[in-house]
Amino acid sequence: QVRFVESGGDSVQPGGSLTLVCTASGFTFSAFGMSWWRQTPDKERDFVAGLDFSGGAINYAASVKGRFTISRDNAKKTVYLQMNALKPEDTATYFCNGGSWTPQWGDSWGSGTRVTVSS
């Protein structure tokens, strides 16, 4: 079965950096785009960044463009999200899923990793 395990979240001060890691299993990782999403308790899950099966066709939400970088390692079945210049509004639980723009497996989310940006 499809499974996503996110890690790397932490509490950081504004302006800080974090790298999130998502390891996937249960499907042919190298054949699918991947994406990062985030959610706060009072909002729906929002798209953050996505890329295609080969690591190209990268897209970012306007709110993170220029600060976040998505990448992948197909050999490790892993997708990364490098987050720089973090802002308090980046505080959320971050999730990954298949698909470049929309979640490929919308019923199979991992537990996410929590990012808190606060002074």
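Q: Is F29 buried or exposed, and what makes it count as that?
A: F29 counts as buried because its relative accessibility is 2%, and buried means under 20% relative accessible area, exposed over 50%, and partly exposed in between, with a 1.4 Å probe and protein chains only.

Q: Where do such values come from, and how are residues numbered?
A: This is a predicted model, in which local features need pLDDT of at least 70 and side-chain atom pairs count only at pLDDT 80 or more, while totals for chains, interfaces and linings use all residues. Residues are numbered from 1 along each chain as its sequence is written, and side-chain values use heavy atoms, with hydrogens and water left out.

Q: What makes F27 and F29 an aromatic pair, and which kind of pair is it?
A: Rings of Phe, Tyr and Trp (its six-membered ring) pair if their centres lie within 6.5 Å; planes under 30 degrees apart count as stacked, over 60 as edge-to-face and the rest as tilted. F27 and F29 are 6.2 Å apart centre to centre with 40° between the planes, and the pair is tilted. F27 is also buried, at a relative accessible area of 12%.

Q: Why is the pair of W37 and F47 called edge-to-face?
A: The planes of W37 and F47 stand at 80° and the ring centres are 5.5 Å apart, so the pair is edge-to-face. W37 lies in strand β4 (residues 34-39) and F47 in strand β5 (residues 46-51), so this pair ties together parts that are 10 residues apart in sequence. Strands here are DSSP runs of E with at least two residues, and helices are runs of H or I with at least four, numbered from the N terminus. W37 is buried at 8%, and F47 is buried at 16%.

Q: Which residues do ring pairs link into a cluster?
A: The cluster consists of F4, F27, F29, F32 and W105.

Q: How do you know that R72 lies over the face of F29?
A: A charge sits over a ring if NZ of Lys or CZ of Arg is within 6 Å of the ring centre and within 35 degrees of the ring normal. R72 lies over the face of F29 at 4.4 Å from the ring centre. The charged end of R45 likewise sits over the ring of W109, at 4.0 Å from its centre.

Q: What makes a set of residues a nonpolar core, and which members of the largest one touch the most others?
A: A nonpolar core is a set of buried Ala, Val, Leu, Ile, Met, Phe, Trp, Tyr and Cys residues joined through side-chain atoms within 4.5 Å. The largest one has 28 residues, of which F4, M34, W36, L81, M83 and Y94 touch the most other members. Strand β3 gives the largest share of this core, four residues.

Q: How do you know that β9 and β10 pair?
A: Two strands pair if DSSP finds at least two bridges between them. Strand β9 (residues 92-98) and β10 have three bridges, in the antiparallel sense. Strand β2 (residues 11-12) runs parallel to β10, with two bridges.

Q: Why are β2 and β6 called edge strands?
A: The open sheet has six strands in the order β2-β10-β9-β4-β5-β6, with mixed pairing. Both β2 and β6 pair on one side only.
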